[in-house]
Amino acid sequence: MTMRDELPGSRGPYAAVDTPEPQLPYPSGWFCLARSRELAPGSVLTRRFMGEDVVLYRTRDGRPRTVRPYCPHLGAHFGVGGTVQGQNLVCPFHRFAFAPDGTCVSTPGGPPPRARLQHHTLTERNGFVFVWYDQEGIPPTWEIPGTAQAGVVPTAAWSTQVRTYPQEIIENTLDYRHLPVLHHVTVRELDPPTPQGPLLRMRLCLGPERPPVLKQRIQADHSFLLAGLGYLRVELPLPSLGLVSYLWAMHTPTGPRRTHMLVATACEDLRKPDATAASPARRALHRACARAMLKTAVGKVRQDLRIWNTKRYEPCPRLAANDEAIGLFRRWARQFYPSP
């Protein structure tokens with residue numbers, strides 16, 4: 001299941017804020033460019049990343065690669081007609097072939113020139129393809145943690161374009177004040193936000209607001225993991241169903257104050273983490289729960305979109321007394337930007 005929204009236009013309630021604002025640079029870290037299922041062996045994809053195109057492809061033996069989009073011969077774009085032959089990426093203009101290490105290995109008319117494609121560092125986790133970015137070209141200094149249950153991949157997904165920065169979107173998670181106001185959700189902090197280098201973990205008890213006459217509230221224990229400014233994972237045990245659900249929110253800068261947001265969900269058995277061993281009925285339950293969780297999450301995100309697409313970034317926010325989590329997040333986030 002996949003859903004997609006487009007960025008609202010310049011008219012109506014989603015109109016861009018036209019007053020000057022401080023600009024955030026692109027942050028360093030890992031950012032999702034595709035779901036693994038989108039990048040089948042032999043396929044070629046183009047994605048927008050940090051204001052530029054990048055081309056992803058997967059060799060026939062299953063290895064993913066990400067390269068800068070232009071052929072060093074005469075500049076053709078690999079994402080417009082490029083193909084994969086065996087392990088090589090082939091240019092659509094003159095059919096120069098490039099090996100997985102980037103070297104040109106063959107041409108139709110003679111020996112190949114001394115040419116090499118420029119690669120981005122890439123990794124795969126839980127059915128997502130991530131690319132590393134650092135403004136100064138520093139190689140990866142940390143990795144995205146996988147889930148405790150190996151092999152968990154999303155079965156439902158939704159994406160949209162947002163007119164804001166990744167930091168603004170992920171900061172929303174620590175803005176407890178807006179949850180009852182905008183989403184009508186109660187929140188209770190179980191474990192406070194705890195930075196661990198490029199990771200930040202916390203645990204919240206969340207549930208829908210109820211009328212005062214109803215004393216019982218349905219609340220659930222959500223574990224949050226932030227990995228840089230492009231990755232958020234939420235884990236929610238559902239013991240009554242014997243399931244654990246996962247929600248991922250990925251925020252990838254595509255241009256100045258432009259972010260591609262991907263929300264994806266999965267459900268697995270608590271006691272039998274191997275999904276292939278589950279019965280057809282249990283697998284159908286997994287998918288149904290993932291779809292239901294995605295629908296709920298997307299409903300909340302759409303409420304946030306009105307704010308994100310029209311707000312401005314405040315570098316020195318006037319925080320209230322119980323906004324400590326936002327202040328902690330801002331201090332933690334500084335590590336992903338170049339030093340002033």
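## The largest pocket

In this predicted model, the lining of the largest pocket draws at least two residues from each of α1 (166-171), α2 (178-183), β14 (199-208), β15 (220-227), β16 (231-238), β17, β18 and α3 (280-308). Helix α3 makes the greatest contribution, with 9 residues.

The space in this largest pocket comes to about 1,000 Å³. Its lining consists of 41 residues, and those nearest the centre are Leu206, His222, Leu247, Ala297 and Lys300. Sorted by class, the lining of the largest pocket holds 28 nonpolar, 11 polar and 2 charged residues.

## The second largest pocket

The second largest pocket has a volume of about 380 Å³. It is lined by 15 residues, of which Leu24, Tyr313, Arg330, Arg334 and Tyr337 are the closest to its centre.

Helix α4 (residues 324-333) provides the largest share of the lining of the second largest pocket, namely 3 residues. The classes represented in this lining are 11 nonpolar, 2 polar and 2 charged residues.

Most residues other than glycine have a negative phi. Met50 is located in the loop that runs between β3 (44-49) and β4 (52-58). Met50 counts as buried because its relative accessibility is 8%, and the cut-off for that class is under 20%.

Arg257 is likewise a residue other than glycine with a positive phi, near 55°. Its place is the loop between β17 (243-255) and β18 (258-269). Arg257 has a relative accessible area of 8% and is therefore buried. The two strands on either side of the Arg257 loop, β17 and β18, also each supply at least two residues to the lining of the largest pocket.

## Confidence in the model

The protein has a mean pLDDT of 90, and 89% of its residues reach 70 or more. Over residues 6-17, however, the pLDDT is below 50, and this stretch has 25 contacts in the model beyond near neighbours in sequence.

Where pLDDT is low, the predicted coordinates should not be read in detail.

Terms used: Residues numbered from 1 in each chain as written. Predicted model: local features only at pLDDT ≥ 70, side-chain atom pairs only at ≥ 80, totals over all residues. Heavy atoms only, no water. pLDDT = per-residue confidence, 0-100. Contact = heavy atoms within 4.5 Å. Helix = DSSP H or I, 4+ residues; strand = E, 2+ residues; numbered from the N terminus. Buried < 20%, exposed > 50% of the residue type's maximum accessible area, 1.4 Å probe, protein only. 1 Å grid on protein atoms, 1.4 Å probe; cavity = no way out; pocket = protein on both sides within 12 Å on 5 of 7 lines; lining within 4 Å. Points joined across faces, edges and corners; volume = space filled by probe spheres on them. Nonpolar A, V, L, I, M, F, W, Y, C, P; charged D, E, K, R; others polar.
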